[in-house]
Amino acid sequence: MKNNVVGRKTSGVDKALRIALYATLILVAGFYLMPLVVMLITSMKDAEEVRNGTLLSLPSYIHFDSWEKAWSSACTGSSCHGISPYFMNSFKIVIPAVAISTILGAINGYVISLWRFRGSNLFFAALLLGCFIPFQVVLLPMARTLGWLGIASSTTGLVFVHVVYGVAFTTLFFRNFYQSIPGELIKAARLDGAGFFTIFYRIILPVSTPIIVVTVIWQFTQIWNDFLFGVAFSGFESQPVTVALNNLVNTSFGGKEYNVDMAAAVIAALPTLIVYVFAGKYFVRGLTAGAVKG
Amino acid sequence: MANLTIDNVKKSYGKTEILKGINIAIEAGEFLILVGPSGCGKSTLMNSIAGLEDVTEGRILIADKDVTYTSPKDRDIAMVFQSYALYPNMTVAQNISFGLEMRKVPKEERDVEIQRVAELLQISHLLDRKPAQLSGGQRQRVAMGRALARRPQLYLFDEPLSNLDAKLRVEMRTEIKKLHKKLGTTIVYVTHDQIEAMTLADRIAVMKDGEVQQLGTPQEIYDNPANLFVAGFMGSPAMNFIPSKIVEQNGVPMLELSANETTALPFPNPDSLKAHVGETVLLGLRPEMITEPQPHKEGQAFVVTTGIEVEVTEPMGADTMILTRINDAEINCRSNPAYPAKPGDIINMMFDTSKAVVFDAKSGRRLDV
């Protein structure tokens, strides 16, 4: 068996199949990447070229005027400051929301997996339901809640909403990860005299890096890309970049500036792209991470 | 060092009773082994002593102090776990000193303690490694080191050798015994391995279904089991149980034996069986009490030689186990390898009933007491 594999000569049929395989893969990858390519080349053309050229024709020379305009002077509705203020808004929302929901998820998962209490399974099942609630359903009650809390139309309000609906997912991630940690570890630490938070901080968190990476990437992408909550609960000053992008595309004086639209879209997508490029391999690794062997 | 008293401890989850009133008292420096099949409640009892689980009823005293409702960290105990439960992110040295750190022992004292323990267990060269870089035996040592570092009043071992391979297990077993002799610590040790129990314990508590079946020294439990369960659980190969009828010969109750021929075995305590004449009981006879005929035993009071048919032989080196059928039950005999025995042969074997025990066939109760 082994000899067969090692000594096998590559036959003509094998070669043809291999070529067909790669051809298919390249075709599919090209198809998948096409919109991104169109976006990038369109954003680098000037208005004249966009109007006259075809969708796939390359820009005659590369210029970033439309990027600059999208960033600082394009009109979104009645204000014309580009998408930069909203880009910052998104960070103001994403950073605290990711941090808080990740921390809460870690503590929840820690309790549900390693400090089981009467009804903890029921509690987890109820929390899991939160992963499956369509967000459209909660828009109106949440609007009332935000108003009642006095944080409607603010980035704080959006942070709150994203934390509330993110905790279900983050808890699920951490809970599943912590399931593989032997309960004896907690017992040993308790006998050694460590309390609830000491055990969490000194023993559990240091082995949690893979799942923290997964959770942060997941939450960052979810919250950054969110449009529904952003459009429903933001005020004029607190719009996230996704909403601003929509406004920018819908605001036109005279002709449509596709190059500016595309540039704005690329800018809006950039942070999640960067996160994936730098942490993507940890994401895959963390998702498949198994037992913590002690 | 401290004594430990477990006073009528009960534990139930809802309607399920896990511990049904456990009473055990051990002296300071004693090595107690809790042994029993899985699900007998031995680990629950261990966790209750540690304070990791609450008891439903009863009291636990360490050094004459009631600790029934004391939190684990204030009981001054240390525990070695089956999975070792080493903190994966810490080095060996940090693992050993974590308990001291939690108890706010100054750094200099901790370092001294780490050195002492490491030398004691010969793990000085491993102090900077992480648990993942250690072999099973080394992890086991570190786990013991972590327990030793705090110098607690009481040590709890929860099946500490179960994850080791056979050879290492025997080595570590001896090591633990030496350590106990050297330090004179009070130890409660849970295992399901009856050989571990026999070799290590000062006293053994054999448990089943949440009850202590018998508490005694290893020899007491081996020679004088309280009931059928204890008799069958302790000893390897297990004790033979021969269903046999009690017959009266010249007014003395004897145990009937039909192998190749029918004979009757005398019994050291015949009066106890008077009430059971005519009943079929279980005769408990350890394999080493059925041997090839030994000249020096010939003519002794409780020795009978009779022919049996060999079914299978199992040479073990020092002895050869001979399997046969007596009274329709499979019986193990321990003979000298030099004694000729082939499957199908009829050979003479010597039955020594001086240490035989008799059980009620239904309830498993001892009858000859």
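Reader: Which feature does UniProt place at residues 122–143 of chain A?

Author: The unreviewed entry gives "transmembrane region" there, and also at 199–220, among other spans of chain A. UniProt positions follow the numbering used here, feature names are shortened, and annotations may be inferred rather than shown by experiment. Residues 199–220 of chain A are 82% helix and 0% strand, with end C-alpha atoms 27 Å apart.

Reader: What numbering and confidence limits apply?

Author: Residues count from 1 along each chain as its sequence is written, chains are lettered from A and ligands numbered from 1 in the order written. In this predicted model local features need pLDDT of at least 70, side-chain atom pairs count only at pLDDT 80 or more, and totals for chains, interfaces and linings use all residues.

Reader: How do strands of a sheet pair?

Author: Through backbone hydrogen bonds, parallel or antiparallel. Two strands pair if DSSP finds at least two bridges between them. In chain B, five strands form an open, antiparallel sheet, ordered 13-12-11-14-21. Strand 13 (262–265) and strand 21 (357–359) of chain B are the edges, each pairing on one side only.

Reader: How many bridges join strand 11 and strand 14 of chain B?

Author: Six, linking residues 240–249 and 280–285 in the antiparallel sense. Phe241(B) has Gly284(B) as its bridge partner.

Methods. Helices (H or I, at least four residues) and strands (E, at least two) are DSSP runs, numbered from the N terminus.
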